[in-house]
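Thanks for coming. I will go through one structure today, and the topic is how two chains meet.

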Amino acid sequence: MSLTLPALPSSVSTAASLGKYTAAVRKPIEPVGRHFLALYLWGHTWSEFEKIQAETDVKKAEDVNEDAEFDIEQSEELIEHDPRDWKSADLYAVLGLNNYRYKATEDQIRRAYRVQVLKHHPDKMGEKGGLDKDGFFKIIQKAHETLMDPVKRQQFDSVDEEANIEPPAPKSKYDFFEAWGPLFASEGRFSKKQPVPELGNADTPKEEVDAFYKFFSNLDSWRTFEFLDEDVPDDTSNRYHKRMIEKKNKAARQKRKTEDNKRLSELVRRAANEDPRLKAFRDKEKEEKNKKKQEREAEAAKAAEEVKAKREAVERARAEAAKARAKSKAKPSYQPIQTQSKGKGKGKGKGKGKKSTVSKEQRTESKINIRNSVKDANYFGTELQSEIDHDINVFLDNFEDEKSVEVSNAIAGATADAVKEIFDAAAKEYIEQGFITADDLKFFAK
Amino acid sequence: MSFIGLHFGNTSTSIAVTKGDGKVDVIASPDGERAIPSALSYVGTDEYHGGQALAQLIRNPQNTIINFRDFAGVSFDKAVLPEIVNSAKAINVDGKVGYEIEEDGKTTKITVDEVIKRHFQQIKAAAEDYIGNKVEGVVLTTPTNFSDEQKKALKSATKEAGLNVLQFINEPSAALLAHLTANNKLEEDRIYVVADFGGVRSDAAVITARGGIFTILATEHNFELGGDQLDAALSEFFAKEFEKKYKANPRKTQRSLAKLKSECITTKKTLSNVQSSTISIDSLSDGFDFHSSINRLRYEVVARDIFSKMAAFVEETVRKAGLETLDIDEVLLVGGTSNTPRLASNVQFIFPESTVVVSPALDSKALDPSELICRGAALQAALIESYDEDEINQSLQPVVVNLEHIAKPIGLKNADGEFIQIISRETAYPIKRSLTFDTPGDVLIELYEGERTIEESTVEPEEGEEEYSDEEPEVLKKVVYVPGQLLAQIPFKGETANGKLEVIVRITVDGLLQATVRSGDKVERVDVHST
C-alpha cells in the first residue's frame, strides 16, 4: 500500500467536515499494563455527571444472570416420573425449555441444564432428599445428554408430541391462516431443506401459494422413530431374541414413518381443499375462461356473418354475370338454357343442371386428364398429395365443362411447372370471379 | 516486602514474581511444582498440600478437597455441584459450600473460605521460601465471570492467610499481558482470542489490544470441557483394554478408578511431548497389574470428540464477538491442556493461515501456557507496587475504565483510492494517532471511516500437480477495509517543510474528532462530530 496522498483537485479549496463518524460504544477496558497506568495518570478530573454516566451506560462483554427464564417450576407428575421410563418424559419441560422446544439453541440447553442441576442436585435436597430421591436428577441428566447430541435430539424431536399443533376440527368454523399457519410452521421443522416457505396470508400471490403446497406435498422429512424403539437387551445370552426385537423395531419404525408421511399428505390435501386463496384462484380462472369463451363465440358469430354477407354479395354478382352472359350469348345461339342457371351458383354442382356445349365423353375425358395431370407432374415435387388432390376436387366441382376442356387441353403435354401455372391462373380467375374463395384452396394460388 | 502475582485455578495454582531486571520468575513449590495442584488433604494431624494431597485421592478421597475455587463466595443453593465426585463431597455449611473432613480423629465441617485460606497459607509459605523475604501484596487473577461477591469472598479469605489483594485482574487479560510483554508487541493494534483450557472448565475471550489498552469484546465459558474430559476418555480406553485382558472391571471401585485416572494424567502429559508413552499400574483391580502403551495418534482418536468440541468452543467465542475468524490476528492458548499438540492444530484449522496460534506445540519458544496467567499478574504487581491502595482503587473506578470505543476504523484515502488506517476499530478514546507522509505539497487529505469488506482471491494450483486439477481452487479470504463515510477534506497547498507532512487524528474525551494536518508552521484543523 502506497503512502502517497492524492493530488489536490482544483474543486477543493477549504478544509471542511463533511460527515459524522459512527456513534461510539462505552465498554470497560482492562485495567492492566503500563499503558493503562499511563492513561490513568495522564489524569484529568471527572464531573459527577460523567461518573454516573460511565456506570450506567456500559456494554459489558459478560452478561450476568439471564438464566432466570429457564427457572420454571416442573409439575409434580414430572418430578415423580420414573427415571427408568425417562423416554416417556417431556425432556424439554424437564430442563424448563417449554417455550423453546425444538427451537432451543445449544447454548440455551446448556444454560437451562445448569439452572436445573442447581435446583435438583441430590446433594442439595438435604432432609427431604436422600440417595433414593434422585430420580428427577437422573431424568435431567438424560435430558441433557439427549438434547446435546444432535442425532439423539433429532430422534427426540421426531416424537415430541408437545411441539405438534393439532389441525382444526373438520367442519368447524375457524380462521384458515390462524389455524394452519402455526401447524405448517411446526411441521416444517422436519424438513431436510430449510428454510421452509410460510403459509402466508390472504394476499399472498398465486406463485408463492403454489410453491408452498408443492413444497409440503414433496416434503423430504428427517423424522425418525428410533426413540420409540423397544430397548434391545444388551446381554449376548439370547441372540435370537435380540435379533427379533431389532427386527420388530425396524418394522415399527418403518410403519410409523409411512403413517406419518400419509398423515402429512392428508393434512396438505385438506389444507389445500380448505384454502380460501386456492378457491379464489380457481374462481378467478373459471371466470377468465368464461370470459374468453364468450369473446371467442362473439368473434365467431361476427365472422360467420361476414362470410354470409360476402357469399350473398358473390351470389348476387354471379347472378348478374350470368344474366349478362345470357343476354350476350342468347342472341346468336339461342340457348335459353343458360339463363336457367341464375340463382343456382352455390359453388357446388355448377355444371349440373345446365346443358353445355361439351359432350359427356369430352367432359369425362377432361376430368380424367386434369386428375392425372397432377399425378404425372409428380405433385410438383412436393409431399402435399392430399392438399393438391383436395384442390383438384374443388376445381372439378367448380369448373364449367368448357373450362374443364380448356384446361385439359392446355395441360396436355405441358411440363410440371406449366401445369402448375395453368392451375394457378385458373384458380385466380375463379377466385376473382368469386366462385371459390382463397380459403377453399390449400395449394394453388398461394 | 515483595509483591507477587497469583493465578488461583480450580485445578492448580501458580505463583510468579517480577525481579529487579523486569524478568518474571515462576515460583516452584517445595516439591518442585510450578503448577501447584489446588488440593488439600488431611490424614490424622497432618495436612497435605499440592501434589501430595492429590496423591491422597487414591487412599483417602473422603478427606481430600479439590476443585473448590469456583465455590468461593457462592451460596450452597447457587453452587453447581459436580455430578461425579471422587473426593470430599461438597455439603451445606451455614449456607455456604463446605466439606466434612476427619482431622485429628475428629469430624469437622469447614467452609470453602476456610479451605481457600489454608490453601493460600501454603502458597504464601512456598513463595516466601523462594523469594527469601515476606510477601504481602498480591495481584490475584479471576475468570471474567467472577462476580463482585466472589471477589469479596476471595479477598477476605486471602487476607486471613496474610496476603493482601492489591488488585483483581481478569485471567485472559493477564495472559495476554504476559505474552505481549515477553514478545515486545504491546503497542501493536491487533485482535486476539485468549482460550484457556483448564482442568474442569474452559474459558475464552476475544480481546482487542489498541496501543497497549485491552478491551474484552466477548467471553465464553464451558464448565463441561477441560482436561478432565481428556483424562476420562483415556481412562475409559485403558479400562476397556484391561477388561478385555483380565476380565476384571476396573470401574467397580473408586480406588481403582482414582489409580487409573492419576496414571492417565501422567500419560496424557507425556504424550504432549513425545510420540508414545507407557502406563503401568500395580494392582489396578482384582489384584491384576496393568501395563500397556499408547501412541499419540491413538490418543488423539480416543479424544477426538473433545478436541473438536474445544475448537468449536473457540469458534463460538469469535462468533459471539460479532467477528469472523478472518478478523482474528492471533490466538493465545492458555492453561495446562493447551500443551496438547492436537488441540493447537485443531484450533489452527478453523482460522485462516494468516492467524497465528500461540502454543508450545507449534512454537517451541512460546511461554508455558500454564504459567502465562501468573506471569501477567506478576507484571501487574510490579507495576502497581509503588502505589498505595487508595490510588489503585481510584484507577479502577467506572469513570476511568469505562471508555467509549469507536465502532469503525478511521483513516485516509491514498493516491490509489485505498484506505490507510490511522485509528483501528474498537479503539478507546481519548486517543491521538498520527501518520507522516513524504510529499512535495499540494495534496488533498480526505478523512474516511473504513468499511469492512472481504477480499477473495483464488490460489492457482501449482504446475505439475495435475492429479489434483479437478479439485476446486482454494479461495483465500482476507478482511480489507475500504473508504466508507467521508468525514472531512483538508486541502494542503504550497511547499512542505523538509518534504514531510504529518496527519494527526485526535479524539477527545468528549468524542470530538480533530483532524490536523501539519507541516512546519503550517497547520490546518477540522473538527468532526459523531452521529
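One definition before we start: two strands are said to pair if DSSP finds at least two bridges between them. Please also keep in mind that this is a predicted model.

With that, look at β1 of chain A and strand β25 of chain B, residues 474-495. These strands pair in the antiparallel sense, over two bridges. To place one of the partners, find A:Ala16; its bridge partner in β25(B) is B:Gln489.

Now the interface as a whole. On one side, 59 residues of chain A are in contact, and they touch 92 residues of chain B. The area buried between chain A and chain B comes to about 7000 Å², and carbon and sulfur atoms give 61% of that. Which three residues supply more than any others of the area that chain A buries against chain B? They are A:Leu5, A:Tyr21 and A:Glu30, with 12%.

Next, polar features. The rule finds 24 residue pairs in polar contact across the interface of chain A and chain B, both residues being at pLDDT 80 or more. It also finds two salt bridges there. One salt bridge joins the side chains of A:Arg26 and B:Glu404, at 3.6 Å from N to O.

Which elements of chain A give two or more residues to the side that touches chain B? They are β1 (16-17), β2 (25-28), α1 (33-41), α2 (48-56), α5 (106-120) and α6 (135-148). The largest share, eight residues, comes from α1(A). By class, that side of chain A has 33 nonpolar, 13 polar and 13 charged residues.

Notes
Residues are numbered from 1 along each chain as its sequence is written. Chains are lettered from A and ligands numbered from 1 in the order in which they are written. This is a predicted model: local features need pLDDT of at least 70, side-chain atom pairs count only at pLDDT 80 or more; totals for chains, interfaces and linings use all residues. Side-chain values use heavy atoms; hydrogens and water are left out. Contact means heavy atoms within 4.5 Å. Buried area is the accessible area (1.4 Å probe) that two parts lose on being put together, summed over both. A salt bridge is a side-chain nitrogen of Lys or Arg within 4 Å of a carboxyl oxygen of Asp or Glu. A polar contact is a pair of N or O atoms within 3.5 Å; within protein, one must be able to donate a hydrogen and the other to accept it, and residues adjacent in sequence count only if both atoms are side-chain atoms. Helices (H or I, at least four residues) and strands (E, at least two) are DSSP runs, numbered from the N terminus. Ala, Val, Leu, Ile, Met, Phe, Trp, Tyr, Cys and Pro count as nonpolar, Asp, Glu, Lys and Arg as charged, and the others, Gly among them, as polar.
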